[in-house]
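Open your viewer and keep the selection tool handy. This tour goes from one loop to the next.

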Amino acid sequence: MELLKQRILEEGVVLSDQVLKLDALLNHQVDPMLTMEMGREFAGRFADAGVTRVVTVESSGIAVAFATAYEMKVPLVFARRKKTLLADPDALCERVPSFTKGIVTDIMLSRQFISPDDKVLFIDDIIANGDAARGLIKIIHRSGAELAGLGVVVEKSFQAGARTIREQGIRLESLVRIMSLSEGKIVFDE
């Protein structure tokens, strides 16, 4: 997506050779027009997959997952990162490390919102090491639902996450792939 690449070059902040801050368009502030365009792109790429539900992990993936679900005319459900007093005690749960937060959290998805009848499209904002993605994929498999694929806004192809997901035979579609953040420069993988 050329528009997304341009916006990343204009508004992304390289914090290190491993970390790209995208707060201006994905992780803190959301551009509704760009987000809807990303949703249309994912919906088009997975149009033939028979998707019945879109899933994501809170919170940065929610906006793009919503746009995708809207375009596909299917429900969106997101895995929570924090247990609340109202949480489903029988929720599907997986413990995952967070690359950017430097902590381990639980992600939970209520069995009420995913079933063996579902064909699920997982949408996420960024894939680096892939820990959160692998955790939600385990939850999807345990639910009995079929995983149609994973759509990622930004793939850091210099980290192992996307590769390990693809090695599992899972379809992974990225809107942009970044091959390097060395010397403070964003280099896209064409």
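Here are a few stops, each with something to select.

This is a predicted model, where local features need pLDDT of at least 70, side-chain atom pairs count only at pLDDT 80 or more, and totals for chains, interfaces and linings use all residues. Residues are numbered from 1 along each chain as its sequence is written, and side-chain values use heavy atoms, with hydrogens and water left out.

**Stop 1: the annotated site.** Select Ala128, Asn129, Gly130, Asp131 and Ala132, which an unreviewed UniProt entry marks as "binding site". UniProt positions follow the numbering used here, feature names are shortened, and annotations may be inferred rather than shown by experiment. Now pick out Asn129, in the loop between β7 (119-127) and α5 (131-143). Helices (H or I, at least four residues) and strands (E, at least two) are DSSP runs, numbered from the N terminus. Asn129 is partly exposed, at 30% relative accessible area, while Gly130 is buried at 8%. Buried means under 20% relative accessible area, exposed over 50%, and partly exposed in between (1.4 Å probe, protein chains only). Gly130 also belongs to the loop between β7 and α5.

**Stop 2: backbone geometry.** Most residues other than glycine have a negative phi, and most peptide bonds are trans. Select Glu58 and Ser59: a cis peptide bond joins them, with omega about 5 degrees. Ser59 lies in the loop between β3 (53-57) and α4 (62-72).

Next, move to Lys73, in the loop between α4 and β4 (76-79). Lys73 is not a glycine, yet its phi is positive, about 60 degrees. Lys73 is exposed, at 73% relative accessibility.

**Last stop.** Which loop holds Glu183? Look between β9 (172-180) and β10 (187-188). Glu183 has a positive phi near 55 degrees and is exposed at 76% relative accessibility.
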